[in-house]
Amino acid sequence: MIILQLLGEMLPYMVAALIIFLITRFIYYRKEGVPFRKINKYHEIGLLLLILFVTGLASKTVLPTFYFHEGHIGVMGYGYEEVIDKLNLIPFNKITETQNVISRGIWSYFIVEVLGNIGMFIPIGFALPMLWKRYEKLWVTALTCLAASLFIELVQLITPLRATDVDDLIMNTLGGIIGYLIYLLIRRLSKRATDKWKLKPDIK
């Protein structure tokens, strides 16, 4: 139920991203003079899926939550929270929080705050080495996921109804590493199956 609700909220942003992607890629290949037959269709599909996922993720982490009331558009929580109340710099503090919440029988916190923070970066850690050869090194993918997560956490400092937590940074990066390991497993099973998704050398 929670997943369906989130998907419904992400959908408008993802539709907009789909339209922009199709237009910009069409213009790019026309400008570069790349024939349709030389386009790596697998790479384009993978790139599209990654962009749609990242767009949906941004809509729930970076962008503020808007509301519509009597013909007016507003931002939920604007001016409500102080920055100091939204910041946690104590590593692994979420372990204690999760234990306290679960002891009261509330598992949704664990699902969203722990599994969600790990899970939402697994597709990114998987897609990066799948689509680009430069990310086949673990440290490159891990560092990219760390940088992306850090960007999100910093933006959330000034975004209403968001919170910045060092544990989120740790879990996001862990999720990226797990995604990379899944890619590595698939690559070892079939190198050919992963190579076909990468960008062709003659197309930048």
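**View 1. Packing of helix α5 against helix α7 in the predicted model.** Helices α5 (residues 122-131) and α7 (residues 166-189) pack at an angle of about 45°, their axes lying 6 Å apart; axes are lines fitted to C-alpha atoms over the stretch in contact, with angles from 0 to 180 degrees between N-to-C directions. The two helices are therefore oblique to each other (under 35 degrees is roughly parallel, over 145 roughly antiparallel, 65 to 115 roughly perpendicular and the rest oblique). The crossing of α5 past α7 is right-handed, that is, the near helix is turned clockwise from the far one by less than a right angle.

**View 2. Residues at the contact of α5 with α7.** From α5, Ile122, Gly125, Phe126, Pro129 and Met130 meet residues of α7 including Gly176, Tyr180 and Tyr183 (contact: heavy atoms within 4.5 Å). The contact comprises nine nonpolar, four polar and no charged residues (Ala, Val, Leu, Ile, Met, Phe, Trp, Tyr, Cys and Pro are nonpolar, Asp, Glu, Lys and Arg charged, and the others, Gly among them, polar).

**View 3. Lining of the largest pocket.** Helix α4 (108-119) contributes the most to this lining, with seven residues. Elements that each supply at least two lining residues include α1 (2-32), α6 (138-156) and β4 (164-165) (DSSP runs: helices H or I, at least four residues; strands E, at least two; numbered from the N terminus). By class, the lining of the largest pocket has 17 nonpolar, eight polar and eight charged residues.

**Notes on the model.** Residues are numbered from 1 along each chain as its sequence is written. In this predicted model, local features need pLDDT of at least 70 and side-chain atom pairs count only at pLDDT 80 or more, while totals for chains, interfaces and linings use all residues, and side-chain values use heavy atoms, with hydrogens and water left out.
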